Amino acid sequence: MKPLVIITGGNGFIGRALTDKLLQEGYRVRILTRRKPNRAPANPDVSIHTVNYNDPNSIAQALEGGEGIFNLAGTLFGFSYEDFKKGNVTAVKNIVSAANKISTLRTFVHVSSLAASGYAKSPKRPRVEFYSPLPVSDYGRTKLAGEYAIRRLSPRIKRTVIRPPIVYGKNDSGVSKIASWVKRGLMVNTSGNGYFSFVYVGDLVEALFQAYQRPDTNRQTYFIAEETWYTWDYFITEMAKAMHVKKPFMPKAPVWLMRVAAFGYELAARLTGITPALNYDKVVEATIPGHWICSSAKWRTLTGQKFTPLKKGLEQSF
């Protein structure tokens, strides 16, 4: 029988791409989700289990028979620190508690974020793994706490932390939201002259799989990103080219206006239940006086993996 791998958050953009990769490599995949899907997966090697992330026993039942876990689940947007803590810390602690009860589990790959490490003050000094973490947002602080939570895993379970920056690719809801504004001809430049790291989803999935397979990634943390960083203006310019539309008008938004916009988005989200496109936490990250960049040198030295340039990745995304 094919080995079984568990993916939390497997219905998301990265999870779907990872599922395809695991199926190609001969695994069965069990996706854990908070909500029951509208229809069953077409592939018999994929199953979906609904779980209560507040209940370790519910999680443990869903982990039965698995040989490893990719923990992708998390909270990207929230209205308060407690919202982020529930999804990025408490849920991780419960998953770890459940994993420790499953004798068949041998590997745990945890997807964190560059936000857990913090920003770089200079483009000449991107974030690297041995820098002391200095997260600036509730999202970043809770993602870092989630990293600490997996240290409670049993010693028999190999654990690896992956910290991606901005992830993009085909069928990504985040990129799709940005693309909709690009089509309208308007995109606010919130970052000024700041630089950003990016990683194409196919490259991230390859790194996740290698981290799962390789024995030498135990108890290690890695940034996974293209080795070049870019301004937001360049990102939007190349996206417009890939979409075959005119580059949008990109005014620089003052901080006060972004805060007002965040208030409006959060208010609308509370009324409708729809995830906001912007909130105060993201305004904090967007307006820091620095750069959201990291170096993947540690990973590239270990594996020799090559990364897709942003221009090519965007062309493959549209």
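Trainee: Quick one to start: is Asn171 buried or exposed?
Mentor: Asn171 is exposed, at a relative accessible area of 59%. Here exposed is over 50%, buried is under 20%, and partly exposed is in between, with a 1.4 Å probe and protein chains only.

Trainee: And what are we looking at, before I go further?
Mentor: This is a predicted model, where local features need pLDDT of at least 70, side-chain atom pairs count only at pLDDT 80 or more, and totals for chains, interfaces and linings use all residues. Residues are numbered from 1 along each chain as its sequence is written, and side-chain values use heavy atoms, with hydrogens and water left out.

Trainee: Okay, back to Asn171. Where does it lie?
Mentor: Asn171 is in the loop between strand 7 (166-168) and helix 5 (173-184). Both kinds of element are DSSP runs numbered from the N terminus: H or I over at least four residues for helices, E over at least two for strands.

Trainee: What about phi of His244?
Mentor: His244 has a positive phi of about 60°, and it is not a glycine either. His244 is in the loop between helix 7 and helix 8 (255-272), and counts as exposed at 74% relative accessibility.

Trainee: New topic. Which residues touch the most other members in the largest nonpolar core?
Mentor: Leu22, Phe70, Leu208, Ile224, Phe235 and Met239, out of 56 residues in that core. Helix 6 (residues 201-213) gives the most to this core, with eight residues. A nonpolar core is a set of buried Ala, Val, Leu, Ile, Met, Phe, Trp, Tyr and Cys residues joined through side-chain atoms within 4.5 Å.

Trainee: What does Leu208 touch?
Mentor: Ile14, Leu18, Phe70, Val109, Val111 and Ile162, leaving out residues up to four places away in sequence. Contact means heavy atoms within 4.5 Å.

Trainee: Is Tyr212 buried or exposed?
Mentor: Tyr212 is buried, with a relative accessible area of 4%, and is found in helix 6. Its C-alpha atom is separated by 8.8 Å from that of Ile69, 143 residues apart along the chain. Among the residues that Tyr212 touches are Val5, Tyr27, Glu67 and Lys158.

Trainee: Now helix packing. At what angle do helix 3 and helix 4 cross?
Mentor: Roughly 10°, with the axes of helix 3 (residues 81-99) and helix 4 (residues 138-149) coming within 9 Å. Axes are lines fitted to C-alpha atoms, for helices over the stretch in contact, and angles run from 0 to 180 degrees between N-to-C directions. Helix 3 and helix 4 are therefore roughly parallel to each other. The cut-offs are under 35 degrees for roughly parallel, over 145 for roughly antiparallel, 65 to 115 for roughly perpendicular, and oblique for the rest.

Trainee: How do the residues of that contact divide?
Mentor: The contact of helix 3 with helix 4 has eight nonpolar, three polar and five charged residues. Ala, Val, Leu, Ile, Met, Phe, Trp, Tyr, Cys and Pro count as nonpolar, Asp, Glu, Lys and Arg as charged, and the others, Gly among them, as polar.

Trainee: And how do helix 2 and helix 3 cross?
Mentor: The axes of helix 2 (residues 56-63) and helix 3 come within 8 Å and cross at roughly 55°. That makes helix 2 oblique to helix 3. Pro56, Ile59, Ala60 and Leu63 of helix 2 make the contact with Asn94, Ile95, Ser97, Ala98 and Ala99 of helix 3.
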